[in-house]
Amino acid sequence: MIMVAIQFVQPARNHSVKVSTAGITSVTDVPANVQAVLQNSCYDCHSNNTHYPWYFTLQPGAWLMASHVKEGKGELNFDEFGNYSKRRQLSKLKAIQGSIEDESMPLPSYTFIHRAANLSKTDQKMLKDWTEIARNEISTEVRD
């Protein structure tokens, strides 16, 4: 009975109708191939717009997913990246590099279901190279 009752208590969805003007592309160049990987592997938890699968309506999984999204956005939100201080932007780009190197992102619980979100070695190298370029761009701005 409780399992049926909790199905009617749904968490809020992470979906913004506003176009972000403070996204990461407002700060640094993001090539199309990098943007595609970020959208496919990162944006569900690290942006203002999550694509929800059919099972999001099932509890308690929906609460768990909502919690992961809230935590992910709190750590890094690509749609708000331009609002971060330059120091924080540099820190987040370095953290992205670290997460790629230690393969902690995307979360294994996410890639278990979203297999296409797994980062290939090519994707990993491309993202690491891009974050290094972006860090250099932002560092130059900080020094000027």
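**Ground rules.** I worked from a predicted model, in which local features need pLDDT of at least 70, side-chain atom pairs count only at pLDDT 80 or more, and totals for chains, interfaces and linings use all residues. Residues are numbered from 1 along each chain as its sequence is written, and side-chain values use heavy atoms, with hydrogens and water left out.

**Fold.** I looked up the secondary structure and found six helices and zero strands. Helices (H or I, at least four residues) and strands (E, at least two) are DSSP runs, numbered from the N terminus. The order from that end is α-α-α-α-α-α. I then checked burial: 40% of the 144 residues are buried (under 20% relative accessible area; exposed is over 50%, partly exposed in between; 1.4 Å probe, protein chains only). Next came contacts (heavy atoms within 4.5 Å). Of those with a separation of 6 or more, 77% join residues 24 or more positions apart.

**Helix α2.** I listed the buried residues of α2: V34, Q35, V37, L38 and S41. Seen down the helix axis, they fall within an arc of 160 degrees, so they line one face of α2. The arc is that of the directions from the helix axis to the C-beta atoms.

**Cysteines.** I searched for disulfides (cysteine sulfur atoms within 2.5 Å) and found zero. C42 is buried, with a relative accessible area of 17%. C45 counts as buried too, at 18%.

**Largest pocket.** I looked up its volume: about 740 Å³. On a 1 Å grid over the protein atoms alone, a pocket is an open set of points where a 1.4 Å probe fits, with protein on both sides within 12 Å along at least five of seven lines. Lining residues have an atom within 4 Å of a point. The volume is the space filled by probe spheres set on the points, which are joined across faces, edges and corners. Of the 32 lining residues, C45, H46, H68, M105 and L107 are the closest to the centre.

I noted which helices supply at least two lining residues each: α2 (32–41), α3 (61–75), α4 (86–101) and α5 (108–113). α3 gives the most, with nine. By class, the lining has 20 nonpolar, eight polar and four charged residues. Here Ala, Val, Leu, Ile, Met, Phe, Trp, Tyr, Cys and Pro count as nonpolar, Asp, Glu, Lys and Arg as charged, and the others, Gly among them, as polar.
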